[in-house]
Amino acid sequence: MSGKRTLPSDALALAAGRAAGYCWVRHPTAPAWCTQPSGHDGPHVDHYNGRQPATDTEGYRWPQG
Ligand SMILES: [Zn+2]
């Protein structure tokens, strides 16, 4: 055992998001993860990343599939 272990930040983020009950599908090109509830209908939406300040209530949005 080295005592030192690193995980890709994507893997950590994935585990955290799924644990929180989010859909958490990764945006195909942008640094965003779906924050809709797991199993939702309609497009994926990240409510936190990709927002324009003071103008948007949600950020990235992309279709399922
Ligand atoms: Zn989604």
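A residue counts as buried when its relative accessible area is under 20%, as exposed when that area is over 50%, and as partly exposed in between. The model on screen is predicted.

**Whole chain**

Start with the chain in cartoon view. It has one helix and two strands, and reading along the sequence gives the order α-β-β. Switch to a surface: the chain exposes about 4,700 Å², and carbon and sulfur atoms supply 55% of that area. Of the 65 residues, 25% count as buried.

**The zinc ion**

Select the zinc ion next. Which protein atoms are its donors? They are SG of C23, SG of C34, NE2 of H40 and ND1 of H44, and they lie 1.9 to 2.4 Å from the ion. The four donor atoms subtend 103 to 116 degrees around the zinc ion, which makes the arrangement tetrahedral. The cut-off behind that label is that all angles lie between 85 and 135 degrees.

Along the sequence, the donor residues follow the spacing C-x10-C-x5-H-x3-H. Now keep C34 and H44 selected. C34 sits in the loop between α1 (9-19) and β1 (44-45), while H44 belongs to strand β1, so the pair ties together parts that are ten residues apart in sequence.

**The aromatic rings**

The structure holds two aromatic pairs. In the pair of Y22 and W24, the ring centres are 5.3 Å apart and the planes meet at 15 degrees, so this pair is stacked. The two residues can be compared by accessibility: Y22 is partly exposed, with a relative accessible area of 25%, whereas W24 is buried at 13%.

Move on to W24 and W33. Their rings form a stacked aromatic pair, with 6.2 Å from centre to centre and 20 degrees between the planes. For stacking, the planes must be under 30 degrees apart. Both W24 and W33 are buried.

To end the tour, display the three side chains together. Ring pairs link Y22, W24 and W33 into a cluster, and W24 takes part in the pair with Y22 as well as in the pair with W33.

How values were computed
Residues numbered from 1 in each chain as written. Predicted model: local features only at pLDDT ≥ 70, side-chain atom pairs only at ≥ 80, totals over all residues. Heavy atoms only, no water. Donors = N, O, S within 2.8 Å, 3.2 Å for Na, K, Ca; no water. Tetrahedral: all angles 85-135°; square planar, octahedral: opposite > 155°, others 65-115°. Helix = DSSP H or I, 4+ residues; strand = E, 2+ residues; numbered from the N terminus. Buried < 20%, exposed > 50% of the residue type's maximum accessible area, 1.4 Å probe, protein only. Areas by Shrake-Rupley, 256 points an atom, 1.4 Å probe, with all protein chains shown as cover. Phe/Tyr/Trp six-rings, centres within 6.5 Å; stacked < 30°, edge-to-face > 60°.
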